[in-house]
Amino acid sequence: MAVARPIELEDQQASIPATMQAAVYRGINDVRLETVPVPEIGRGEILVRVHTCGICGTDLKKIATGSHSAPRIFGHETSGMVAAAGEGVTKFQPGERVMVFHHIPCKECFYCHHKTFAQCETYKKVGVTAGFEPSGGGFAEYVRVMDWIVEKGTVRIPDGVSYEQACFVEPVNTCLKGIENLALRPGETVLVIGQGPIGIILGTLAKRTGATVVTTDLYPQRLTISRDLGLTTGIDASRADAGEVVREMTEGRGADAAILAVGGNSLIRQAMDAVRPGGRVLLFAQTARGEATIDPASICVDEKTLLGSYSASVELQEQSVKFVMNLEMDLVRLISHRYPLAGSVEALDLAAHPQPDSMKIVIQPGSKWEGRSL
Ligand SMILES: [Zn+2]
Ligand SMILES: [Zn+2]
């Protein structure tokens with residue numbers, strides 16, 4: 001009987017190069033393709049060879065505003081293959097396909113007990129890096145996944161699920177959190193303004209609660225994709241007023257809720273006007289600080305509520321993993337552009353300047369992998 005010999009770290013690392021390519025953030029609007037060392041891993045850590053990493057609005061914001069020190073390697077919607085496992089790692093083995101969360105709270109401290117996870121000291125530490133100050137690292141060939149993320153924030157990708165599908169777990173989690181905050185009840189009508197990839201995910205999750213979903217966007221190309229994915233009531237905002245259409249559908253009242261899934265503060269007033277008295281508006285894309293015009297009486301007299309939601313929730317991790325891995329939604333359909341790592345700068349530039357036909361943009365260091373890359 002042949003007994004498999006445990007794979008020694010040195011054997012594993014024999015096939016891992018000493019250097020790799022990475023898209024390095026060097027300052028405001030300055031990202032360069034550079035050769036950097038492949039990160040070394042320690043006890044309890046794994047090295048993941050990145051296949052696909054989605055570009056997220058928050059990456060673009062960091063690059064455009066210089067909110068974080070340079071140099072850094074961003075990218076946190078990462079899926080790939082375990083290339084090496086450090087001493088003491090029992091959960092994962094080289095060759096396994098995984099997606100990784102970049103930060104996870106400890107679940108034990110004061111703030112975690114009060115469910116204010118974003119204030120947890122462990123949560124604030126980013127646990128995935130391709131070098132420099134840990135920042136996600138997915139825009140590189142390899143990432144080092146630190147021990148607490150290996151334990152609590154690394155998820156195996158089942159057979160039959162692609163790396164592309166799997167890289168959506170984090171964005172789906174952020175959308176689920178928004179939908180929970182909105183507390184939709186079955187039979188309610190919700191207007192989703194903006195049908196980029198996030199707007200479509202929000203619409204799909206809203207529909208699952210039993211709500212009637214109406215979507216709107218200025219670009220018919222986006223409405224076509226959202227219709228293909230089951231959001232059949234789409235309003236072309238260049239031709240019709242979504243607020244009016246929704247009022248017609250609700251005996252003149254207006255939507256029970258509206259979700260703003262597109263940046264820009266001028267739409268806040270429009271969203272507030274589209275909901276009925278007592279209705280609520282969720283801001284999901286208003287991440288830039290500034291000032292906005294609202295009608296205060298719409299809140300005081302009409303009793304409308306303005307809500308927000310940002311980032312992922314560890315409490316929704318299991319649910320978001322299930323949604324993605326059980327293929328409840330064909331998220332791959334949301335990807336419009338795939339760039340090899342060498343095209344990272346161009347990919348980030350397109351993502352920062354969305355076009356009518358650009359949806360989710362992913363960087364794929366694994367695009368040329370041979371064999372089982374799915
Ligand atoms: Zn993200
Ligand atoms: Zn904590």
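These legends describe close-up views of a predicted model. Local features need pLDDT of at least 70, side-chain atom pairs count only at pLDDT 80 or more, and totals for chains, interfaces and linings use all residues. Residues are numbered from 1 along each chain as its sequence is written, chains are lettered from A and ligands numbered from 1 in the order in which they are written, and side-chain values use heavy atoms, without hydrogens and water.

**View 1. Four cysteines hold the zinc ion (ligand 2).** The SG atoms of C106, C109, C112 and C120 lie 2.3 to 2.4 Å from the zinc ion. Donors are N, O and S atoms within 2.8 Å of the metal (3.2 Å for Na, K and Ca); water is not among the atoms, so sites may look incomplete. Along the chain the donors follow the spacing C-x2-C-x2-C-x7-C. Angles among the four donor atoms run from 103 to 115°, and the site is tetrahedral (four donors, all angles between 85 and 135 degrees). Ideal angles for four tetrahedral donors are 109.5 degrees. C112 and C120 are both buried. Buried means under 20% relative accessible area, exposed over 50%, and partly exposed in between (1.4 Å probe, protein chains only).

**View 2. F110 and Y111 form an aromatic pair.** The whole structure holds three aromatic pairs. The ring centres of F110 and Y111 are 5.3 Å apart and the planes stand at 90°, so the pair is edge-to-face. Rings of Phe, Tyr and Trp (its six-membered ring) pair if their centres lie within 6.5 Å; planes under 30 degrees apart count as stacked, over 60 as edge-to-face and the rest as tilted. F110 is exposed, at 54% relative accessibility. Y111 is partly exposed, at 39%.

**View 3. Y163 pairs with W369.** The ring centres lie 5.7 Å apart with planes at 85°, so this pair is edge-to-face. Y163 sits in helix α6 and W369 in the segment after β16 (360-363), so the pair ties together parts 206 residues apart in sequence. Helices (H or I, at least four residues) and strands (E, at least two) are DSSP runs, numbered from the N terminus. Y163 is buried at 0% relative accessibility; W369 is buried at 13%. R97 lies over the face of Y163, 4.6 Å from the ring centre. A charge sits over a ring if NZ of Lys or CZ of Arg is within 6 Å of the ring centre and within 35 degrees of the ring normal.

**View 4. E96 and R156 meet in a salt bridge.** The N to O distance is 2.9 Å. The pair links distant parts of the chain: E96 in the loop between β4 (77-85) and β5, R156 in strand β8, 60 residues apart. A salt bridge is a side-chain nitrogen of Lys or Arg within 4 Å of a carboxyl oxygen of Asp or Glu. By this rule the count is 18. E96 is partly exposed at 22% relative accessibility, as is R156 at 41%.

**View 5. R276 and D256 form a buried salt bridge.** Their closest N and O atoms are 2.7 Å apart. R276 belongs to strand β13 (residues 275-283) and D256 to strand β12 (residues 255-260), 20 residues apart.

View 6. R269 is partly exposed at 35% relative accessibility, and D273 at 40%.

Notes: Four donors count as tetrahedral if all angles lie between 85 and 135 degrees; four count as square planar and six as octahedral if opposite donors are over 155 degrees apart and all others between 65 and 115; anything else is irregular.
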